[in-house]
Amino acid sequence: MISRRTYEAAQRLTREYLGRAGIAITEAEAAAIEVADFGLDDLDRTGLQLLVYVNNDRYCAKELVLFPGQTCPEHRHPPRGEGNPGKQETFRCRWGRVYLYVEGEPAAAPACRPPAGDEAYYTAWHEIVLNPGEQYTIPPNTRHWFQAAAEGAVVSEFSSPSDDASDIFTDPRIDRTPRVAE
């Protein structure tokens, strides 16, 4: 469980990163920044900071902020009932650089490595490098993970509706429910 102090420090740093990307947010949005440590309590290695603008039954828009070298663990967005193939998302890099790994032909020499000790939970190795202004669309039910370069990254996500509870992570230790110690 992440400490309140760590959570609030990550929120402040996230706001700084959004500013570096030229993304202005309101005070209410700053307070709504979610800090996800995925239940692993190691935000420096595995984590993601999110600001959701809108998430309804038609679409979702959010900012994803990764600190230097931070990794969002491998997962997929499975079908959710008849007629819903699962979440499709487009990542557009706004600042920094992000390495995205999806199913497909593995990179001969990938630029990133999973957090030490967690390698068994990372199976997608087709590498897509996103620099500012570049984007990539991830089809539904596709295993993927991503990691920021040394400077960190800000990524805008545009997708079909997001339902974090239905995401399937390769690592069974992952807990997507945000938990903050008081």
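Leaving aside its neighbours within four places in sequence, which residues is Pro73 in contact with?

## Pro73 and its surroundings

The model shown here is a predicted one. In this model Pro73 is found in strand S5, which covers residues 71-76, and beyond its neighbours within four places in sequence it is in contact with Phe38, Thr46, Tyr122, His144, Trp145, Phe169 and Ile174. Pro73 counts as buried because its relative accessibility is 3%, which is under the 20% limit used for that word. Pro73 and Pro114 stand 41 residues apart along the chain, and their C-alpha atoms are separated by 8.3 Å.

## Phe38, a residue in a loop

One of the contacts of Pro73 is Phe38, a residue found in the loop between strand S2 (34-36) and S3. Phe38 counts as buried, since its relative accessibility is 3%. If residues up to four places away in sequence are not counted, Phe38 touches Thr46, Gly47, Leu48, Cys72, Pro73, Phe169, Arg173, Ile174, Asp175 and Arg176.

The backbone of Phe38 also deserves attention, for Phe38 has a positive phi of about 60 degrees although it is not a glycine. Most residues other than glycine have a negative phi. Asn141, likewise not a glycine, has a positive phi of about 60 degrees as well, and it is found in the loop between strand S8 (135-138) and S9. Asn141 is described as partly exposed because its relative accessible area is 32%.

## The nonpolar cores

The largest nonpolar core holds 21 residues, and those that touch the most other members are Phe38, Leu48, Leu64, Phe91, Val98, Leu100 and Phe146. Two or more residues of this core come from each of strand S3 (48-55), strand S4 (60-66), strand S6 (89-102), strand S7 (126-130) and strand S9 (144-159). Among these elements, S6 gives the most to the core, with 5 residues. Apart from this core lies another, made up of 17 residues that include Ala10, Leu43, Phe67 and Trp95.

Leaving aside neighbours within four places in sequence, Val155 is in contact with Lys62, Glu63, Leu64, Phe91, Arg92, Cys93, Arg94 and Val98. Val155 and Thr90 are 65 residues apart along the chain, while their C-alpha atoms are separated by 9.6 Å.

## The helices and the chain ends

Which residues does Arg4 touch, not counting residues up to four places away in sequence? Arg4 lies in helix H1, which spans residues 4-20, and the residues in question are Val180, Ala181 and Glu182. With a relative accessible area of 30%, Arg4 is partly exposed.

Thr26 is found in the loop between H1 and helix H2 (27-31), and its relative accessible area of 44% makes it partly exposed. Thr26 and Ile2 are 24 residues apart in sequence, and from C-alpha to C-alpha they are 25 Å apart in space.

## The protein as a whole

Taken together, the protein has 2 helices and 11 strands, and from the N terminus on its elements run β-α-α-β-β-β-β-β-β-β-β-β-β. Among contacts between residues at least 6 apart in sequence, 75% join residues that are at least 24 apart. Of the 182 residues, 47% count as buried.

The C-alpha trace spans about 40 × 35 × 35 Å along its principal axes. A compact globule with 182 residues would have a radius of gyration near 16 Å, and the 15 Å of this protein agrees with that. The accessible surface comes to about 8,700 Å², and 49% of it belongs to carbon and sulfur atoms. As for charge, the protein has 19 positive and 28 negative charges, whose mean positions are 2 Å apart.

Methods. Residues are numbered from 1 along each chain as its sequence is written. This is a predicted model: local features need pLDDT of at least 70, side-chain atom pairs count only at pLDDT 80 or more; totals for chains, interfaces and linings use all residues. Side-chain values use heavy atoms; hydrogens and water are left out. A nonpolar core is a set of buried Ala, Val, Leu, Ile, Met, Phe, Trp, Tyr and Cys residues joined through side-chain atoms within 4.5 Å. Buried means under 20% relative accessible area, exposed over 50%, partly exposed in between (1.4 Å probe, protein chains only). Helices (H or I, at least four residues) and strands (E, at least two) are DSSP runs, numbered from the N terminus. Contact means heavy atoms within 4.5 Å. The radius of gyration is taken over C-alpha atoms; the globule rule is 2.2 Å times the number of residues to the power 0.38. Accessible areas come from the Shrake-Rupley method with a 1.4 Å probe; for residues, only the protein chains shown count as cover. Lys and Arg count as positive and Asp and Glu as negative; His and the chain ends are not counted. The place of a charge is taken as NZ of Lys, CZ of Arg, CG of Asp or CD of Glu.
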